[in-house]
Amino acid sequence: MPGKTSTNDVSGEAKFLFKGTIQKLGASTLAQVPKNEPTAIVHVDEVLHAPPALAKTLGKLITVKLAKGTKPKVGEQVLFHANGWLFGGSVAVESVKQEKPAVAKTMLAAQPSDPARNLADRELHNRVANADMVVEGEVSSVHLPQTESLLAAKAVNSAKPVSEHDPKWREAVINVGVVHKGDPGTKQVVVRFPSSTDVQWHRAPKFHTGDRGVWLLQSGQGAPAAGAAPEGAAGHAMAATAIPGAAVYTALSPMDFQPANKLAAVASVIRGAVEPENA
Amino acid sequence: MPKRKLAAGNTGSGKSRVAARGARSTSPRRATTGVRARKKATGAQNVLIVNMIPKSLSSETNQDSEPTLAVNPANPLQIAASAFTPDPGGGSLAPIYVSTDGGNTWVLNSIVPSDSASGSMTADITVAFSSTSNVLYAGIIRLPIVNNNTRLNILSTKNFLGSTKMKVLVNRIGVDQPYVEAATASSGAEKGKDQVFVGSNDFGAPNGKTATIDRSSNGTKFSTVRIESRTTSGQDGPSVRPAIHSDGTVYAVYHAWRTFDSNTGNRTADIVVVRDDNWGNGSPSFGALQDTDGLSGKRVVQNSHFNFDDFLGLERTGGAVSMAVDPTNSSVAYVSWADTQNGVYTVHLRKSSDRGVTWSANDLKVVASATNPALAVNNQGVIGFLYQQLVGTGAAQRFVTHFQHSDDGQNWTDLVLADTPANTPAKTFDPYLGDYAHLLSLGSDFYGIFSANNQPDLTHFPNGVTYQRNHDFNKAQLLDTDGATVVDPSIDPFFFKVSL
């Protein structure tokens, strides 16, 4: 069955992988679903991976907007690659790809039982694969970046915009114990992080001296250069304040810091994502 | 507010005919003392209050703060809303709330550009329908960040229930707090075309004059208008709020920052109103009002004091403003703002009856320890006033959400929409309740939205409430999708409609 690029996931990867049985075609469990959409009411038989809200649909009837060009039959069991669409009294999802049950059985055999964990692991795998560097270590100190320090010392109202979305950058110096991916070139790396609690930044990990774990690091993302370039200038030359001359990295996603006390649960995922590149 | 046990079972109807429960008349400056009001102001009214989280998301504990609302004038059963709510599907689009039955039930539809790795939400969002074209517009701060800067998107969709991503009309870096209003011109050269106005704080504006309106006379192409005419303290504040009249009069109020004390963080601002008399096509655009200094923009108040880093309980403050124009007479306009009075964050309300040239010398309303003022005027000329007030002390503090209305600006009827704990749940991020709430009118009806603690306790909602998510009013508990597991309280958006 042909799939299509989901309007709800530009990466083309579906967040909701489940096995379901077609109950009724051209129908919906939600009054809000537009009548002209190609939908079916589907019983969710088994969930392979899903965000928590969709994992809860196991055993329930939901609405599926069928992938373009597909014509499943009532009673047919299908493996749906879908994304969330409408959440109301019931749930409607948009299928981006549909497969036959035989494929589903094969895939199910290889999957652990918690669908939300499965999705989280898959996303962590992708995050590791896309990281510039993955290091294990401990935060030795936290500093104000040079620009912030200068402004504080001068106590002036600079050209820097005052906004509720101000990231309030800080720099954490990490003593690197193990390098899982990339080459920092030194025993320490500098991670610039937003200390702001604003909605724009609250999900980004905040670091404190003594924090231990694994960092998935990106270079040149989000954080401004210290000292020279005004905020908003494109093409930052990333230079650290805490260690002059050192490169600055960021770890802005909640996935980008895996604390030591939770490493056991994700170690295999990180290894699995790193090893193919290091092989 | 002391808790009281209700005899009601699991049937907390959100629709009530009010007069006996919580409707109080008040006089100016005495918002909490009962004063006999005129019959017209206290007449019975229908009140509908709905917790907007749908049943399928009964497990959610997000901080769904900073809500806005849009009612489709061409079909008032169609309502859209926004809040800091992430996509429940964890995808690359953020959701809006959608109702097709006048606000009684809601679904989430993720059609707003966002980013899965950034939390599938926005950093700011407001929504507005045009008058007759059925087009929904949105102004957002889009995630992820780009080069350490906020990113404005102005969006539109002709199908707010479809799964197609909203169309990006404007994409600009370095802009904060977009606030959208829209109308369809009913006469003149622009007849039949959507007129869209998005107030924002644009850090790319020259000379620190950052108060800005992006305007479109066809719902597609936008131009940028700088509305600040005076020297600032380096920039204006984030609040820029347009208000549209169907005759083509468009006002906007903004928080014009004037001084900054770096030792204390204290600032002063002027509350400035600008006006355009032809859908923003004046020459110069929004230059119709001049003050005594010969510059554009009437200063309703000068040297208003505030601190941008201050808090009212868990709610950050920083100088909220709101504006409304009387749909029956474009010469009549109202402005509300918040400042610090003797250390107390305080909301004010004033009126102009001459197109913003002069303003009432004294406040029509003064509400201490309050924030998130929102204004609207209905087709009877009745002014509606929404705000959230912090009352009590310590752990007993509560946020009380009021909707007040008056037909003369002097005698007010007060409805308590919600009276909820102010310190629980713990704050996930700023803003706790939102940098704004929202109120609008259609016909004689007022529609609004606010965020508050969602514990399903009927004593918290003296005018009733309807929950879609699983709950037990008798035990005052939220329940998961299994109908049994208890879910912790969080911040939810609440829709309300008051029919006079």
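Start where the two chains join hands: 2 bridges link strand 4 of chain A to strand 7 of chain B, residues 107-113, and the two run antiparallel. (Strands count as paired if DSSP finds at least two bridges between them; strands, E, of at least two residues, and helices, H or I, of at least four, are DSSP runs numbered from the N terminus.) Now pick A:Phe87, which sits opposite B:Leu108 in that strand 7 of chain B.

Before moving on, some housekeeping. This is a predicted model, in which local features need pLDDT of at least 70 and side-chain atom pairs count only at pLDDT 80 or more, while totals for chains, interfaces and linings use all residues. Residues are numbered from 1 along each chain as its sequence is written, with chains lettered from A and ligands numbered from 1 in the order in which they are written.

Next, select everything that touches across the two chains: 46 residues of chain A are in contact with 52 residues of chain B (in contact means C-beta atoms, placed from the backbone, within 7 Å). Which parts of chain A each supply at least two residues to this side? Helix 1 (52-55), strand 4 (77-87) and strand 5 (91-99) do, and strand 4 gives the most, with 5 residues. Colour that side of chain A by class and you get 20 nonpolar, 17 polar and 9 charged residues. Here Ala, Val, Leu, Ile, Met, Phe, Trp, Tyr, Cys and Pro are nonpolar, Asp, Glu, Lys and Arg charged, and the others, Gly among them, polar.

Now hide chain A and look at chain B alone. Its secondary structure comes to 1 helix and 36 strands. The radius of gyration of chain B is 21 Å, close to the 23 Å that the globule rule gives for 500 residues, so it is as compact as a globular protein of that length (the radius is taken over C-alpha atoms, and the rule is 2.2 Å times the number of residues to the power 0.38). Its C-alpha atoms fill a box of roughly 60 × 50 × 50 Å along the principal axes.

Last stop: an open sheet of 4 strands in chain B, ordered 12-13-14-15 with antiparallel pairing. Strand 12 (175-184) and strand 15 (223-226) stand at the edges with a single partner strand each, so one side of each has no neighbour in the sheet. Zoom in on strand 13 (residues 194-202) and strand 14 (residues 211-216) of chain B, which pair antiparallel over 6 bridges. Select B:Val196 to finish: its bridge partner in strand 14 is B:Ser216.
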